[in-house]
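Subject: Model handover and notes

Hello,

Here is the model for you to look through. Please open it alongside the notes below.

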Amino acid sequence: MLQVRCKNINITKSFPEGISLLDVYQALADEIKLPYPVVAAKVNNATQGLKFRLFQNRDVEFLDAREGAGHRVYVRSLCFVLYKATSDLFPGSKLFIEHPISRGYYCNFKKRGNEPLTEQDVEQIRERMQEIIHLDMPFRRSEATTEEAIRVFKERGFSDKVKLLETSGQIYSDYYMLGDTVDYYYGPLVPSAGYLTVWGLELMNDGMLLRVPNHHNPTLLAEKLDQPHTFEVFAEKVRWDIIMRLSNAGDVNKAVLKGHASELIQVSEALQEKKIVKIAEEIDRRFHAETDPVRIVLITGPSSSGKTTFTKRLSVQLLACGLRPISFSTDDYFVNRVDTPKLPNGQYDFDNIKAVDSELLEDHLARLVAGERVEVPEYNFVTGKREYNGKKLKLQGDNVLIIEGIHALNPMLTKNIPGIAYYKIFVSALTSVSLDDHNWIPTRDNRLLRRIIRDYNKGAYSARETISMWPNVCAAEEKWILPFQETADVMFNSALNIEFAVLRNNAEIILSTVPKNCPEYAEAHRLLKFIHYFLPVSDKEIPPTSIMREFVGGSSFKY
């Protein structure tokens, strides 16, 4: 017999060796009483599927499909059902699950003859998915040598998975079966298709939108959000990935092995600089427009999107256009810490719009636009107070004012200043490179890795502390930042194709500092597992002006 401590109810019970997590849950279900159906569990703080068997004493925490690991298991499983339905109905077709969008996942689908996807096709796929779910087909996991797994995928024409496994360095690899359909996933699935009761599928542009459960209430579909600008930024990145032949981790690894890492870095940086130049030229054009000339540029983005370095690089390009940018951050208008709103847990809520003295900011903006000289504050994050250190600004004839910060696009900061033309920029790291055709990389993982590395290198927070704060950071973004991204005049994607290969060198050691006996280990373990799919690349050839330097260090800009 072995001892299982169920963390949901803090009770330890004896079970026979080899018992599955599903059997443990069924034995404890009446006591656990989770509000939604269980889809996975954490075993010693590492996420496992419910078919996982226990042979030693373990801590177990059961998960439903709400935010986090349980939601990922649910969505991952749903993607396999979608893939099986498309391969059953359209032999020889290709499915690419590309990126999150509109609170779902955009799926590019190519029929064998390249005919356009129709509403009737989508309806057929929906019906086949529902049939698979109604039959409650089991997901079966197989562990094989990596050579054997490569053979399995090579026979089926999965070049993306073959390249990934060939460069993984693993001795053994897992793959999954759903009926006679085989696929690869880098995390566990639900036991069977019958668990997947909440989902949707609809035609979107030239592909499909796979709709998934609400993060907070998985009995409901996540409300669809119209994001045409975000979709176009993703589409542009995917187009460039295809041109550069870097659509997935295997492509990146093969290029690295061939000695092309330096070239990939140079091209990625050149593409970003080209975009920044284009934005600067558009601002210059609108600055000199006869009607509604732009005098103020607003720049925002979620945490670790690279907006600070972007602002500095944009300023350089504006100088090259003959404009003289002056700037400040909305962070400098934080209220004194004693007046900062707090979260329910008592921590300061710096992401709340009420953490900014919007009245003072509006007053200063109005005076600057009127041609007055204004002394702007600088926030001292050590003392928690606004200070006036002699920084005075005045807009001259060739000046453009740049305001950067998480609330820069929030209309509450500028609602009382009519008649001013703004140019709005939203910066984010919209990752397009996937692990393979069916395993995307969440954009938040990109930013979380950046933030973990920056916080650790600056001595601000340990990896454990950064991971612990991340859910609150994301919740604040959903409330205060992301609702305004579609109002931007332009969106800038700060993600680089080779970024994860560079981040691996920095992240590995830092993530390994997270103790196994703490809840944050689950996220550290997941991030380590996924980043190991990328071969490491040194950051020595990353330019000192790169957005990457904001996180790995060595930037030539002063922050």
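First, the ground rules. This is a predicted model, so local features need pLDDT of at least 70 and side-chain atom pairs count only at pLDDT 80 or more, while totals for chains, interfaces and linings use all residues. Residues are numbered from 1 along each chain as its sequence is written, and side-chain values use heavy atoms, with hydrogens and water left out.

**Cores**

A nonpolar core here is a set of buried Ala, Val, Leu, Ile, Met, Phe, Trp, Tyr and Cys residues joined through side-chain atoms within 4.5 Å. Buried means under 20% relative accessible area, exposed means over 50%, and partly exposed lies in between (1.4 Å probe, protein chains only). The largest core has 100 residues. Met129, Met208, Ile498 and Phe534 have the most contacts inside it. Helix 2 (residues 69–89) gives the most to this core: ten residues. Helices (H or I, at least four residues) and strands (E, at least two) are DSSP runs, numbered from the N terminus.

A second, separate core has 43 residues. Met204, Phe231, Tyr333 and Ile406 are among them.

Back to Phe534. Contact means heavy atoms within 4.5 Å. Not counting residues up to four places away in sequence, Phe534 touches Ala249, Val252, Asn253, Val433, Leu435, Ile441, Phe500, Ala501 and Arg504.

**Helix 7**

Why is helix 7 largely enclosed by the rest of the structure? Seven of its nine residues (249–257) are buried, so the structure around it encloses most of it. The buried ones are Ala249, Gly250, Asp251, Val252, Asn253, Ala255 and Val256. Their cover includes helix 5 (159–166) and helix 8 (261–287).

Asn248 caps the N-terminal end of helix 7, with a side-chain oxygen 3.2 Å from the backbone nitrogen of Gly250. After helix 7 comes Gly259, with a positive phi near 85°.

Asn253 sits in helix 7. Its relative accessibility is 0%, so Asn253 counts as buried. The Asn253 side chain reaches the backbone oxygen of Tyr533 at 2.7 Å. Leaving aside neighbours within four places in sequence, Asn253 is in contact with Thr167, Tyr533, Phe534 and Leu535.

His438 lies in the loop between strand 22 (421–428) and helix 11 (443–457). It counts as buried, at 3% relative accessibility. Its side chain makes a polar contact with the side chain of Asp183 (2.7 Å). Beyond four places in sequence, His438 touches Tyr83, Leu95, Ile97, Lys161, Asp183 and Tyr185.

Phe484 is in the loop between helix 12 (463–480) and strand 23 (490–493). With a relative accessible area of 17%, Phe484 is buried. Leaving aside neighbours within four places in sequence, Phe484 is in contact with Leu409, Asn410 and Pro411.

Arg140 lies in strand 10 (residues 139–145). Arg140 is partly exposed, with a relative accessible area of 40%. The Arg140 side chain reaches the backbone oxygen of Gly179 at 2.7 Å. Leaving aside neighbours within four places in sequence, Arg140 is in contact with Tyr175, Tyr176, Met177 and Gly179. Arg140 and Leu117 are 23 residues apart in sequence and 30 Å apart in space, C-alpha to C-alpha.

**Cysteines**

How many disulfides are there? The count is zero, with a disulfide taken as a pair of cysteine sulfur atoms within 2.5 Å. For Cys6, the closest cysteine sulfur is in Cys518, 19 Å away and too far for a bond. For Cys474, the closest cysteine sulfur is also in Cys518, at 18 Å, again too far. Cys6 is buried at 0% relative accessibility, and Cys474 is buried at 7%.

**Cavities**

A cavity is a set of points, on a 1 Å grid over the protein atoms alone, where a 1.4 Å probe fits but cannot get out; lining residues have an atom within 4 Å of a point. Grid points are joined across faces, edges and corners, and a volume is the space filled by probe spheres set on the points. There are two cavities of 30 Å³ or more.

Best wishes

Technical notes. A polar contact is a pair of N or O atoms within 3.5 Å; within protein, one must be able to donate a hydrogen and the other to accept it, and residues adjacent in sequence count only if both atoms are side-chain atoms. On a 1 Å grid over the protein atoms alone, a cavity is a set of points where a 1.4 Å probe fits but cannot get out, and a pocket is an open set with protein on both sides within 12 Å along at least five of seven lines; lining residues have an atom within 4 Å of a point.
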